[in-house]
Amino acid sequence: MAAAAAAVPGALGTLQAGRARLVAACCARLGPGWRLPGSVTGPRVAPAVWARGWTPAAGGGSAPRRGYSSEVKTEDELRVRYLEEENRGIVVLGINRAYAKNTFSKSLVKMLSKAVDALKSDKKVRTIIVRSEVPGIFCAGADLKERVKMNPSEVGPFVSKIRAVIDEIGGTQRLPRAIGMSLAKELIFSARVLDGQEAKAVGLISHVLEQNQEGDAAYRKALDLAREFLPQGPVAVRVAKLAINQGMEVDLVTGLAIEEACYAQTIPTKDRLEGLLAFKEKRPPRYKGE
């Protein structure tokens, strides 16, 4: 999977799993800006889509219903929608906890974990977009009102569960790898608020967009990115993601060896032969992920 991940509280991320790609975007109205590691909000620009290997996308604002074929109702706080027609293969995870600014509660974390696990094993899913359905905010971090009521023995397992879910779409350990250790420390230690332009300038996000009348400019950008990913070979995207993620953690020589090993996985596949045949016949390839 290839990923464009959105700003999550105090972190960047790359989805680390199966066959879906996640494009993440954060769409927000006039507000205090970006905060690390606390709330993620934004100015009257829709900050936030960045591509970092794999794919979820998160966008704020209310989402148009058209184009959705079906809805899996886990609960209203997390809406899972499968897109159709030219968007077939894209799944949208919409977070909708307006009363709590989309904070991570125990129930939301459980639903997210269950949804991601199911989508990872679904071969028909090519891209996942994670978005906020609450205008003006993506996620305000952990639900501290719920946290304060927890027994101390509950806190550790809950934090571990959040960590596991966030690791699927990114974590704080990736921030210094994305923008450098010094700047990452500066932002995390100060909990500084950044607006969209500042976030883009430091490399925290890839795109800053003028908000549209519908309030979903970032989601629309995420959808455009997802459409670009759809035609690509699932096998090739999966191993490319693996090569990028693992290669970033090692020296160049080892990274090149990882790249070679990943490419070797594509050689015996039907998709590779289909790509060569399509090139010869001057037609778009029809990849099946095999």
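Residues are numbered from 1 along each chain as its sequence is written, and side-chain values use heavy atoms, with hydrogens and water left out. Because the model is predicted, local features need pLDDT of at least 70 and side-chain atom pairs count only at pLDDT 80 or more, while totals for chains, interfaces and linings use all residues.

**Whole chain**

Show the cartoon. The protein chain has 10 helices and 12 strands (DSSP runs, H or I of at least four residues for helices, E of at least two for strands, numbered from the N terminus). Of its 290 residues, 51% count as buried (under 20% relative accessible area, 1.4 Å probe, protein chains only). Now consider contacts, meaning heavy atoms within 4.5 Å. Of those with a separation of 6 or more, 71% are between residues 24 or more positions apart.

**Helices α8 and α9**

Select residues 234–247 for α8 and 252–266 for α9. Their axes come within 9 Å and cross at roughly 165 degrees (lines fitted to C-alpha atoms over the stretch in contact, with angles from 0 to 180 degrees between N-to-C directions). The pair is therefore roughly antiparallel, a term for angles over 145 degrees. The crossing of α8 with α9 is right-handed (the near helix is turned clockwise from the far one by less than a right angle).

Show the side chains at the contact. From α8, take V235, A236, V239, L242, A243, Q246 and G247. From α9, take G255, I258, E259, C262, Q265 and T266. These residues divide into seven nonpolar, five polar and one charged (Ala, Val, Leu, Ile, Met, Phe, Trp, Tyr, Cys and Pro are nonpolar; Asp, Glu, Lys and Arg are charged; the others, Gly among them, are polar).

**F158**

Go to helix α3, residues 152–169, and pick F158. F158 is buried, with a relative accessible area of 7%. Leaving out residues up to four places away in sequence, F158 touches F104, S105, K106, V109, E146, R147 and M150.

**E274**

Finish in helix α10, residues 270–281, at E274. Its relative accessible area is 15%, so E274 is buried. Which residues is E274 in contact with, leaving aside its neighbours within four places in sequence? Select R283, P284, P285, R286 and Y287. Then zoom in on R286: the E274 side chain reaches the R286 backbone nitrogen at 2.8 Å.

Notes: Buried < 20%, exposed > 50% of the residue type's maximum accessible area, 1.4 Å probe, protein only. Polar contact = N/O pair within 3.5 Å; in protein donor to acceptor, adjacent residues only side chain to side chain. Parallel < 35°, antiparallel > 145°, perpendicular 65-115°, else oblique.
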